[in-house]
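Subject: Handover of a structure for your review

Dear colleague,

A written account of the findings comes after it.

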Amino acid sequence: LHMGMHLAIREQVQTDRPAGIKALYQQQLAKQADPHNVEHAFMECLAGMLWEAQSKGNTPDEQAYLECLRRL
């Protein structure tokens, strides 16, 4: 699961899906300078979004995910 989350974040950034994640990643990378740490921070938001969607039986909320990433 851990490695899958790393791969998911990398794919999201590479494809810029959801739209805007690539810019948010670059902003965090400029602050932290360590891609691994940035991925771990993003994972917290990704895991929270997935848990929320699963627990409510909804589709993942990309806007809530991006908002979480903006607050990092």
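This is a predicted model: local features need pLDDT of at least 70, side-chain atom pairs count only at pLDDT 80 or more; totals for chains, interfaces and linings use all residues.

Helix α3 and its partners

Helix α3 spans residues 35–56, and helix α2 covers residues 21–32. The two pack with their axes 9 Å apart, at an angle of about 130 degrees. An angle over 145 degrees would count as roughly antiparallel and one of 65 to 115 as roughly perpendicular; α2 and α3 are therefore oblique to each other. Their crossing, in which α2 passes α3, is right-handed. On the α2 side, the contact is made by I21, L24, Y25, Q28, L29 and Q32. The α3 side supplies P35, N37, V38, E39 and F42. Sorted by class, this contact of α2 with α3 comprises seven nonpolar residues, three polar ones and one charged one.

Helix α1, residues 2–15, also packs against α3, at an angle of about 100 degrees and with the axes 9 Å apart. The angle makes α1 roughly perpendicular to α3. From α1, the residues that meet α3 are H2, M5, H6, A8, I9, R10 and Q12. Their counterparts in α3 are H36, E39, H40, F42, M43, L46 and A47. By class, the contact of α1 with α3 has seven nonpolar, five polar and two charged residues.

For α3 and α4, the packing angle is about 150 degrees, and here the axes are 9 Å apart. This arrangement makes α3 roughly antiparallel to α4. The crossing of α3 and α4 is right-handed. In this contact, F42, C45, L46 and M49 of α3 meet E62, Y65, C68 and L69 of α4. The class division is seven nonpolar residues, no polar ones and one charged one.

The loop between α1 and α2

Two backbone features may be of interest to you here. D16, which is placed in the loop between α1 and α2, has a positive phi of about 50 degrees although it is not a glycine. P18 lies in the loop between α1 and α2 as well. The peptide bond leading from R17 to P18 is cis, and its omega is near 5 degrees.

The largest pocket

The largest pocket holds about 160 Å³ of space. It is lined by 13 residues, of which M49, E52, A53, D61 and A64 are the closest to its centre. The elements giving two or more residues to this lining are α3 and α4, the latter being residues 62–70. The most is given by α3, with six residues. By class, the lining of the largest pocket divides into seven nonpolar, three polar and three charged residues.

With kind regards

Terms used
Residues are numbered from 1 along each chain as its sequence is written. Side-chain values use heavy atoms; hydrogens and water are left out. Axes are lines fitted to C-alpha atoms, for helices over the stretch in contact, and angles run from 0 to 180 degrees between N-to-C directions. Helices (H or I, at least four residues) and strands (E, at least two) are DSSP runs, numbered from the N terminus. Angles under 35 degrees count as roughly parallel, over 145 as roughly antiparallel, 65 to 115 as roughly perpendicular and the rest as oblique. A crossing is left-handed if the near helix is turned anticlockwise from the far one by less than a right angle, and right-handed if clockwise. Contact means heavy atoms within 4.5 Å. Ala, Val, Leu, Ile, Met, Phe, Trp, Tyr, Cys and Pro count as nonpolar, Asp, Glu, Lys and Arg as charged, and the others, Gly among them, as polar. On a 1 Å grid over the protein atoms alone, a cavity is a set of points where a 1.4 Å probe fits but cannot get out, and a pocket is an open set with protein on both sides within 12 Å along at least five of seven lines; lining residues have an atom within 4 Å of a point. Grid points are joined across faces, edges and corners, and a volume is the space filled by probe spheres set on the points.
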